[in-house]
Amino acid sequence: MKLAYYLPDETIDNGYFASLAKSDEYSCEQIYQKSGIKYRHKAAPNELTSDLAAKAALNLINEYDIDSASIDMLLLCTQSPDYLQPATIYQLHNKLNLPKSTNAMEINIACSGYAHGLLIAKSLIISKSVKRVLLCTADMCYKMFENSDMAQRILFGDGASATIIDDSNAYKIGQIICGTDGGGFFSMYKKYGGYANPFNAQTTSNTLTMNGPEIFLFAIREVPNLVRQILKANNLNLDDIDYFIFHQANLLILKAIAKSLKLDDSKVIFDIENVGNTSSSSIPIALKRAIENNKIKSTNKVLIAGFGIGLAWSGTIITI
């Protein structure tokens, strides 16, 4: 896979949150035990989602010497838009100086968004609608949760990824399985700013509300089932998979999913300690960093599975 990522330079350590909380419940050690996270990245004050995505895309273009004029479809998966309208992808298109012939479409999905994006990209390639897709994921998660309660703030960081999908790798992406449970809509949502609850003088908060225990139960209920569906759709079993990369939500959820599937930890990629939860970017960032570290190698079969807000989930098997 041709992919790259971008993480902002500034990092926030657990000491910062411990100094804010001033509570034994959120000491540096307790924060690490609750999340498995030591550092998360924070975008600069003048960086927007489109900037994060553009920097990931430029890293990709430079690393693989890609002619940006050959990109005829641009996809962006984000839930932290630069503006409410129009979509952030038009800012990204402009910042990448892509030609007017490049189509652009935005995907409003969070933590399961990467595999959803691969589904769209692969479908476009196989149907011969386009020849080359640039799939970007980007979110300002640190900023989104900056005013939330401490249990949420410690988890999230900013980051972005970029992946090229074309004839050279579209067929290395296996059957993609997706699922939706709209009944879980209010498990994690932002109440204000839409037409249901517009901003007004009485609006005092615009933070995401998350029912942590409900999200935890959703993850350990649906993700193992998703993995089994992915394996069945691709005529493979657990032993055929070299590595598993789940959405890097927090270490407790990752460990619970691995335990439920009876996976050896050596086959599961844990890449949350120095990155944090970066929503739809967490899987491609973890994949790229595992390739860079020579853990995941060419021809390896990697099962990816994302899950989160919606509620939604998706996954597939990628042959590297």
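Two salt bridges are counted between domain 1 and domain 2. This is a predicted model, so please read everything that follows with that in mind.

Now the division of the chain. Domain 1 covers 2-169, and domain 2 covers 174-319. Their centres, taken over C-alpha atoms, are 15 Å apart. On the domain 1 side, 45 residues take part in the contact, and on the domain 2 side, 43 residues.

As for area, about 3,400 Å² is buried between domain 1 and domain 2, and carbon and sulfur atoms account for 62% of it. Within domain 1, the residues losing the most area to domain 2 are L3, Y5 and C111, which together make up 18% of what that side buries.

Polar contacts between the two domains come to 16 residue pairs, both partners being at pLDDT 80 or more. Several elements of domain 1 supply at least two residues each to the side that touches domain 2, among them β1 (2-6), α2 (28-35), β3 (39-42) and β7 (158-166). Helix α5 gives the largest share of that side, with seven residues. By residue type, the domain 1 side splits into 23 nonpolar, 15 polar and seven charged.

Next, the salt bridges of the model, which number nine. K42 and E146 form one through their side chains, at 3.9 Å from N to O. K42 is in strand β3 and E146 is in the loop between α6 and α7 (150-153), so this pair ties together parts that are 104 residues apart in sequence. K42 is partly exposed at 24% relative accessibility, and E146 is partly exposed at 25%.

D271 and R289 also meet in a salt bridge, at 2.8 Å from N to O. Here D271 sits in the loop between α9 (251-260) and α10 (282-292), while R289 belongs to helix α10, so the parts tied together are 18 residues apart in sequence. D271 is buried, with a relative accessible area of 14%.

A further pair is E222 and R221, whose closest N and O atoms are 3.4 Å apart. E222 counts as buried at 15% relative accessibility, whereas R221 counts as partly exposed at 45%.

How accessible is S50? S50 has a relative accessible area of 0%, so it is buried. Setting aside residues up to four places away in sequence, S50 touches D82, T88, Q91, L92 and K95. With K95, the side chain of S50 makes a polar contact of 2.6 Å.

Terms used: Residues are numbered from 1 along each chain as its sequence is written. This is a predicted model: local features need pLDDT of at least 70, side-chain atom pairs count only at pLDDT 80 or more; totals for chains, interfaces and linings use all residues. Side-chain values use heavy atoms; hydrogens and water are left out. Domain bounds come from an automatic or database domain assignment. Contact means heavy atoms within 4.5 Å. Buried area is the accessible area (1.4 Å probe) that two parts lose on being put together, summed over both. A salt bridge is a side-chain nitrogen of Lys or Arg within 4 Å of a carboxyl oxygen of Asp or Glu. A polar contact is a pair of N or O atoms within 3.5 Å; within protein, one must be able to donate a hydrogen and the other to accept it, and residues adjacent in sequence count only if both atoms are side-chain atoms. Helices (H or I, at least four residues) and strands (E, at least two) are DSSP runs, numbered from the N terminus. Ala, Val, Leu, Ile, Met, Phe, Trp, Tyr, Cys and Pro count as nonpolar, Asp, Glu, Lys and Arg as charged, and the others, Gly among them, as polar. Buried means under 20% relative accessible area, exposed over 50%, partly exposed in between (1.4 Å probe, protein chains only).
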